[in-house]
2 protein chains.
Amino acid sequence: MTHPLIVRRDLDFMLNDWLKMETLFQAPAFADHSRESIDAVLDLSEALAVDLFLPHYKAADAAEPRLEDGRVITLPAIKTALKQYAELGLFSAGFSEQLGGLGLPYLACSASFAFFGAANIATAAYAMLTTANARLIAEFGTPAQVEAFALPQIAGRWFGTMCLSEPQAGSNLADVRTRAVADGEDELGARYRLSGNKMWISGGDQDISENIVHLVLAKIPLDDGALPDGTRGLSLFIVPKILPDGRRNDISVAGLNHKMGYRGTANCLLNFGEGEGAIGWRIGEPGRGLQQMFLMMNEARIGVGLGAAALGYRGYRHALAYAQERLQGQRPGHAGSVAIIEHPDVRHMLLTQKAYAEGALALCLYCAKLVDQHDDPDAAALLGLLTPVAKTWPSEYGLAANDIAIQIHGGYGYTRDFDVEQLYRDNRLNPIHEGTTGIQGLDLLGRKILRADGAGLAVLERRLGETCDQAAQNADLAAAADALRAAWQDILRALWAIQNLPEATRMDNATAFLRAFGHVVMAWLWLDQARAASPAPADAFHAGKVTACRYFFEFELPKVGPWLAAAISASDLTGAMSNDSF
Amino acid sequence: MTHPLIVRRDLDFMLNDWLKMETLFQAPAFADHSRESIDAVLDLSEALAVDLFLPHYKAADAAEPRLEDGRVITLPAIKTALKQYAELGLFSAGFSEQLGGLGLPYLACSASFAFFGAANIATAAYAMLTTANARLIAEFGTPAQVEAFALPQIAGRWFGTMCLSEPQAGSNLADVRTRAVADGEDELGARYRLSGNKMWISGGDQDISENIVHLVLAKIPLDDGALPDGTRGLSLFIVPKILPDGRRNDISVAGLNHKMGYRGTANCLLNFGEGEGAIGWRIGEPGRGLQQMFLMMNEARIGVGLGAAALGYRGYRHALAYAQERLQGQRPGHAGSVAIIEHPDVRHMLLTQKAYAEGALALCLYCAKLVDQHDDPDAAALLGLLTPVAKTWPSEYGLAANDIAIQIHGGYGYTRDFDVEQLYRDNRLNPIHEGTTGIQGLDLLGRKILRADGAGLAVLERRLGETCDQAAQNADLAAAADALRAAWQDILRALWAIQNLPEATRMDNATAFLRAFGHVVMAWLWLDQARAASPAPADAFHAGKVTACRYFFEFELPKVGPWLAAAISASDLTGAMSNDSF
C-alpha cells in the first residue's frame, strides 16, 4: 500500500502509548482481552478494509443506489464487503458475549472502524448504523425484542436505521408528525400502527441485508386524536421492513436523495403506513423516545466524528504521498526540480493536515475510551461535554484537511482521477447530519454547560491541568502548557461573560463558542500526545507528534481569541438588521 | 425570479454610488458612453443570463463533455447560449470600435460578466477565455495576426484558449518542454512547428465555435537543440485548430479531465505536433512569452475572482431565499414555527455570506475600474498590487460563502435537487487555477511588495487613509476607521518584520501574509462602501451595507492578528521537521 488508510503505528501510539488501552482490561467486562487480541482485530480490520472496502470506493460513487419497482438497488461490491464484515464478526465485536459478541472495548471497535471509514465511509455507514441500532434495542428493549430485532443485527444479517427527521422536521424534532396508534399487544410488546413520512433515512432501503430494522420516532395521539406537543410527546418504535411472520410491512420508498458525496449509502424518503399502517413495537415507556434515541445519536455523533477524521486522515496520507512524488520548482540547496514537499507552503499545508487529521482521530478515540468508562461518573460527565466537540471538530477540520489535500494536488486534485475530490465531497456531509454544527453549538453551550451542573467542565479542567503539570516538566513543552492554561482561563472568562449577557441573547453566538472550545480541547489533546511522545527515543515518528503539537499551539490556538470575542459579543448586529437588509 | 443572480440594485450601487462609473466617461476612450447605455447592456446581460445560461446549469454538470473520435462533444445548450452572447455583441463589447467593439469600460464588462458567472460559470468561461485571448493578440500581435486571429474571436465566431501548463509543468512554467522550431515566415509572421503536451486546457477542444485559437507557451531550441532554461526562454505562439488554408492543424485531444465541478467547460490534454509539428506564428519577440501571457493571465486572474464572487453571490441569494421560506423551530415572540432566518446562528451565517459575497464582488469591480484607468500610474501600480488579492480573496471566501449556503440548507443543500452543492463544487476550482493561493501569496509578498518599488503600497495607503478620513466624520463609522488604520499599521509592521527575517525564510509564510493583507483590503472596501451608503436615506438596502461592514470589522478583521503573527514567525517549525516525521 502506497497510501495506508490509517498508519498502524500511529493508531498503536494513540491506543497504547497515549490512551493506555490496557488499563481498560482491568475492568471485568474487558478482562478477557489483551493488547494481542485487539491487535489481531486491527490486523484483520485493516486487511478487510484494503481488500474489500477500498476497491469499490470510486465505483460506489459513480454507480449511485437506484430505485427500481419501489426497491433500492446498490452496487454488489457493497454487499460483498459487508458480508465479509459480518463473517469476521465485526458487527458483533462490541457486544457482550451474552449477545453473541466479543465484548470488545468501544475504543478498539472505534480503532477498527477508522480503517473502514477511511477506506469507504459510505459502505461502512451501514455497519455503523446497524450496531448503533442494535445497541439501543439491547439497552432499552425487552428480552423478546432483543432476540427478535437486535440479535440478527449483531450477527450482521439484518441492518438498522434511525428514522427521526421528516420533511418538515429536521433540526426540530418537536415537529414530528408521524402517528403511532395503539394496536394491541403481543409477545414483542405493545403494538402500534404507524403512519408518516421520514426523510434522510440512511440505509432506509437496500438489497444488502435480509431485513431492515427501523427505529422510528413517532407520536402517540392523545384521546382527542391530536398529537402531543414538543419532544416529550415522542416515543420510539421498532418497525421492521419484513414482519416476523414474513409479510412485508407497510413501508414504501418514496424517493432517493441524490447527494454530493457519501453516495454508496442509500438515503431515502420513507412513507410509513400508506395502507393499513406500518406495524411497530414500542420500546420502553411512551414519551421516552428522544431520550432513548439519544443513546443511539450520541454513539452516532462520535461515529460521525470518527468517520470525518478517517476521511481527513486518508486525504492527508494521499497528499503526503503526492507531495513526496511530485516534482515542481526549485529550492536553494537542491539541484534540479524538488519534490513539492520541500516548498515551505506545502510543508505548512501538510503540517496543518497532520494536526487536523491526527488530532481529530485522537479526539474520537479519547471519547471512545470514555464510552468504555461510562460507569465512572467523571468519564460520563466528560463524555457528555465532549460529544458535541467530537461530532463537530472532526467534521469541520477533517473537511478542512480534505480541502488542503486537493490544494496540494493542484489541478489533479480537482479531477476524479484522484481520490481526494471524493474524500472532500464525502466529508462535506459530516457537518450536517446527526445535528448541524449550529445545533452542536447549542447543545454544548446550552445543555452541556449553562444548563448543566458543571461536573463535565470540572473534569475537563482537572485533566487539562494534569496535562499542563506534566508538560511543564518538559522544557520543550512548558511554553505550550502555559499557553493552554491561559486559553482555558479565557474559556472560563468567556463563560462568565456569557452568563452575564441578557438571557435572550446568551446563545446567539453559541457556534463561535463551540469553535473556540473545540480548539482548546484539541490543544489539550495535542499537548497530551506530545507529552506521551516525548519520553520515547526521539525518532522521526515521535518528533512528528511533537512538531504537530507545536504547530497547533503556534498557528491554531491563536484563533481562539477572535472566536471568544464573538461568543461574548453583546453586539446587536444580527438582531438589529431587518430581514429586508440582507 | 425568486433568486436573482446578482441583485441589480446592488450592482447599481457598486457601479454608480460607490465607484462613480460616470467619472470614466470623461476619458476620451469612453466618451460615447453614459449610465443609460451601460444600463442597457446590463439589462440585456441579465436577461440573457437568465434565459439561456441558467437553464442548463445542472444539465451541463450532469452531461459532461465527452470525447468521440478525437473530438469533444458538449451539451448543445452551451452553444445556443454562447451564440446568442455573440449575436448580442457581448464578445466584442469591451473592444475598441476599430476592432469591431463598443469600447465599453472593463468595469461595465465585468458587471455584465457577473450575471453570466453567477448563472453558469462553466459556459461563461468560454467567453472569458476568448476575450482575454483576443485582447492579448490585439495588444501584441501584428495587424495581420489581429485580423486573422483576434477579430473572429471578437465576433464570437472563434474561441480562444491559453496553453501554459504541461503534465510536468504546473505552477513552475520554467519547466515547459514544448518545442517551437522555426519554419520560415509568411504574411502572418515568423512561422514555427510546435510539439509538446499541454495540460489543463480549458476549451482545448469543443464543438461550439468554428475554430479555436490556442495561445501556446513554448521554447525555441538553441543552436545545439537544447531548450533554453527558465521562463526567459518562453515565447508565445498563435496555434489555430484549423489553419488559414482550411486544413486541420497537427493538434490532437489526448484526453479530457473529469472534474469535481465546472464541468461544462471541456478541460483537455492536448498533444501538439504528433505528426509534422503544429503550425504556429510567434507573437512579438522571442523570450517575451511569459510577459505577454501575463497580460492575459492578469485579466484571467481578475476574471477568476469575479467568477468566484458571482458563484458565492448566487449561493448567498439561494440561502437567503431558503432561510426566508423554511420553517423550523421556535423563537421568543413568535407564535408557531419561524422561518429559519429568525434564528441568530442562521442570521449570522447569512451576514457572513453577505460580507463575503458582496465584498468579493466589490473587490473585483474595484479592480476592473483600475484596469480602465491603466494610463494613470497610480491606478496601474495599485492594480498590480491588488491582482493576487482579487484572484484569491473571492476564490477563498466565495467558496466559504457557498459552504455556508449548503449549511443553511441542511441536508437539502447536500443534495443535487438544490443548486448550492454544485455552486460549491464549481467554486472549488477557483483557488487552484490561474495560480494557486500559495502562488498568489508568493506573487503578492515577493514580486508585488518585497521586490517592487513600493508605489502600489503607497497608493493603497493613501486611498485607505482617505476612506478612513471620510468615515471618521460619521459617528457610526469612526470606530471602524480607527480599527482599519490600526490594521494597516499592523500590516506595515509585519512587512518590516518580514524584511528583517533571514532572506531564505522570508517567503515561508507568504500565504498567511496574503490572507491578512486580503482581509485588510476587504475591510477597507467595506468601510468605503459603508461610507458611500451612509449619506443616503437610511433605507433597508443601505442599512444592510452598513451592517455588513460592521460585521466585517467585528468578526472578520480580528482574524488578521493570528495571520500576521504567522507571517512574521521566524519559527523553524516546518523547516526543522524531517520528511519522515509527517
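# Cysteines and a helix crossing

Student: Does Cys109(A), at 18% relative accessibility, count as buried or exposed?
Tutor: This is a predicted model in which local features need pLDDT of at least 70 and side-chain atom pairs pLDDT 80 or more, while totals for chains, interfaces and linings use all residues. Residues are numbered from 1 along each chain as written, chains are lettered from A and ligands numbered from 1 in written order, and side-chain values use heavy atoms, without hydrogens or water. Because its relative accessibility is 18% (buried: under 20%; exposed: over 50%; partly exposed in between; 1.4 Å probe, protein chains only), Cys109(A) counts as buried.

Student: How far from Cys109(A) is the nearest cysteine sulfur?
Tutor: The structure holds zero disulfides over all chains (cysteine sulfur pairs within 2.5 Å). Cys109(A) is thus in none, and the nearest cysteine sulfur, in Cys364(A), lies at 15 Å.

Student: Which cysteine has the sulfur closest to that of Cys549(B)?
Tutor: Cys549(B) is buried, at 1% relative accessibility. Its sulfur is 10 Å from the closest one, too far for a bond; that partner is Cys468(B).

Student: How are H1(B) and H8(B) oriented to each other?
Tutor: Helix H1 (residues 8–18) and helix H8 (residues 344–372) of chain B have axes that come within 11 Å and cross at roughly 40 degrees. Because of this angle (roughly parallel: under 35 degrees; antiparallel: over 145; perpendicular: 65 to 115; the rest oblique), H1(B) is, relative to H8(B), oblique.

Definitions and conventions
Axes fitted to C-alpha atoms, helices over the stretch in contact; angles between N-to-C directions. Helix = DSSP H or I, 4+ residues; strand = E, 2+ residues; numbered from the N terminus.
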